Amino acid sequence: MNYDLFFTNALSRLKDEQRYRVFADLERLAGRFPHAIWHSPDGRREVVIWCSNDYLGMGQHPKVIGAMSETAERLGAGAGGTRNIAGTNHPLVELEHELGDLHRKQSALVFTSGYVSNQTGIATIARLIPECLILSDELNHNSIIEGVRHSGCEKQVWRHNDVNHLEQMLQRAPQDRSKIIVFETVYSMDGDVAPIGRICDLAEHYGAMTYADEVHAVGMYGARGAGMAERHGVMDRIDVLEGTLAKAFGCIGGYIAGSTALIDAVRSYAPGFIFTTALPPPICAAATAAIRHLKVSNWERERHQERARRVKALLTAAALPVMPSDTHIVPILIGDPERCKAASDMLLAEHGIYIQPINYPTVPRGTERLRITPSPYHNDALVQALAGALVNVWARLDLAPRRRAAAAG
């Protein structure tokens, strides 16, 4: 039997649906972000990255690189195994203390990625609560969806950011039934923000727990970079705060923060934590350095927001279809997977601008887009070059400008 034929056919289906993903071979240049080297089919070329989730450029910060290098030289590269077998390396203990302090929670637990922290964290928490009902926002990330699925608990999906719909579901549920409301504070594809305070009001009124994914907000919002819950003054009203070390903090890993009992229970029961090798000491030290820096430095956050406003204003003035966004995320609507991929390819090959296309299933069909994420290091010249390149590509692909797109919608 030709087993490879199954895989070849599966890949063909993706290509037919314009969902086959191609990864660019890039070398980020420390000290020169957002510049990078693209290993193109024709050789090495310098490009500018416009879609990195290293939102603040902390992956290249001297304090972060210094902490990683010093710890690697002192403690070595690896963690030695799972925490149960190898023990917990001390930089990881310090990192969890730092995260607990960041979110004003009793404890925190670090996982190998933000995806795993949601997938195994949600599943474990819900399984430990008898007859738990999970109420999940319809635009929650795949990691949340998988966590809910693996929990085996009943779920109900409420319309995106629609607190009236959420309340209707809470009203229908028995008052004495255990409930968890799961949502993101910033939604990464549209850049919109959850009505966090209102969700907390409903949770308290109907006796539900709250689980908030702050992945696209930690480091970038709040007085100390704790996220949207800090910015809105409701951190203490959310039971579990989940975040990542791989975006604004420039490293890798994910975590949850909450009460001592909850965190210890997840530590003791979660397979995705127990049976996985711990983050290495150099990574933990680097992440701790990034968190400590962003707790006291507002320059990165302020400059980041100013750059995002600048990009939105310039692209809107150029009649490009900038989708409404309350945050640092700048989505540009295309609405067709083939032309979305073509626009991305043209920007990279002809203009030296790297923006990955966002197609289904990451976003609904018909809402394919380019997702732009400015950083504090994208200067005015780079912004002007981006606008000019996009206008050129839009014209050549006969894509609808903002006014025509709005009229058609």
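I count two strands as paired if DSSP finds at least two bridges between them. The model I am looking at is predicted.

**Entry 1**

I looked up S1 first. S1 and strand S2, residues 35-40, pair in the antiparallel sense over three bridges.

**Entry 2**

I turned to another open sheet, where three strands have the order S11-S14-S13 with antiparallel pairing. Here strand S11 (330-333) and S13 are the edge strands, each pairing on one side only. I checked how many bridges join S11 to S14, and the count is four. Proline 331 stands opposite arginine 371 in S14.

I also noted which helices pack on this sheet. Helix H14, residues 337-351, touches S13 and S14, and its direction makes about 45° with that of S14. Helix H15, residues 380-396, touches S11 and S14, and its direction makes about 175° with that of S14.

**Entry 1: the largest pocket**

I looked for open space next. The largest pocket holds about 1400 Å³. Its lining has 46 residues, and Asn53, His141, Ser188, Met189 and Thr362 are the closest to its centre. Which elements give two or more residues to this lining? I find helix H5 (114-127), helix H6 (142-151), strand S9 (240-244), strand S13 (357-358) and strand S14 (369-372). I sorted the lining of the pocket by class and got 20 nonpolar, 16 polar and 10 charged residues.

**Entry 2: the largest cavity**

Rolling a probe the size of a water molecule over the atoms shows where empty space is left. I searched the whole structure for cavities of 30 Å³ or more and found one. About 80 Å³ of space lies in the largest cavity. Among the residues that line the largest cavity are Arg83, Leu92, Gly272, Phe273 and Thr276. Strand S4 (107-111) and helix H11 (271-274) are the elements that give two or more residues to the lining of this cavity. By class, I have six nonpolar residues in the cavity lining, four polar and one charged.

Technical notes. Residues are numbered from 1 along each chain as its sequence is written. This is a predicted model: local features need pLDDT of at least 70, side-chain atom pairs count only at pLDDT 80 or more; totals for chains, interfaces and linings use all residues. Side-chain values use heavy atoms; hydrogens and water are left out. On a 1 Å grid over the protein atoms alone, a cavity is a set of points where a 1.4 Å probe fits but cannot get out, and a pocket is an open set with protein on both sides within 12 Å along at least five of seven lines; lining residues have an atom within 4 Å of a point. Grid points are joined across faces, edges and corners, and a volume is the space filled by probe spheres set on the points. Ala, Val, Leu, Ile, Met, Phe, Trp, Tyr, Cys and Pro count as nonpolar, Asp, Glu, Lys and Arg as charged, and the others, Gly among them, as polar. Contact means heavy atoms within 4.5 Å. Axes are lines fitted to C-alpha atoms, for helices over the stretch in contact, and angles run from 0 to 180 degrees between N-to-C directions.
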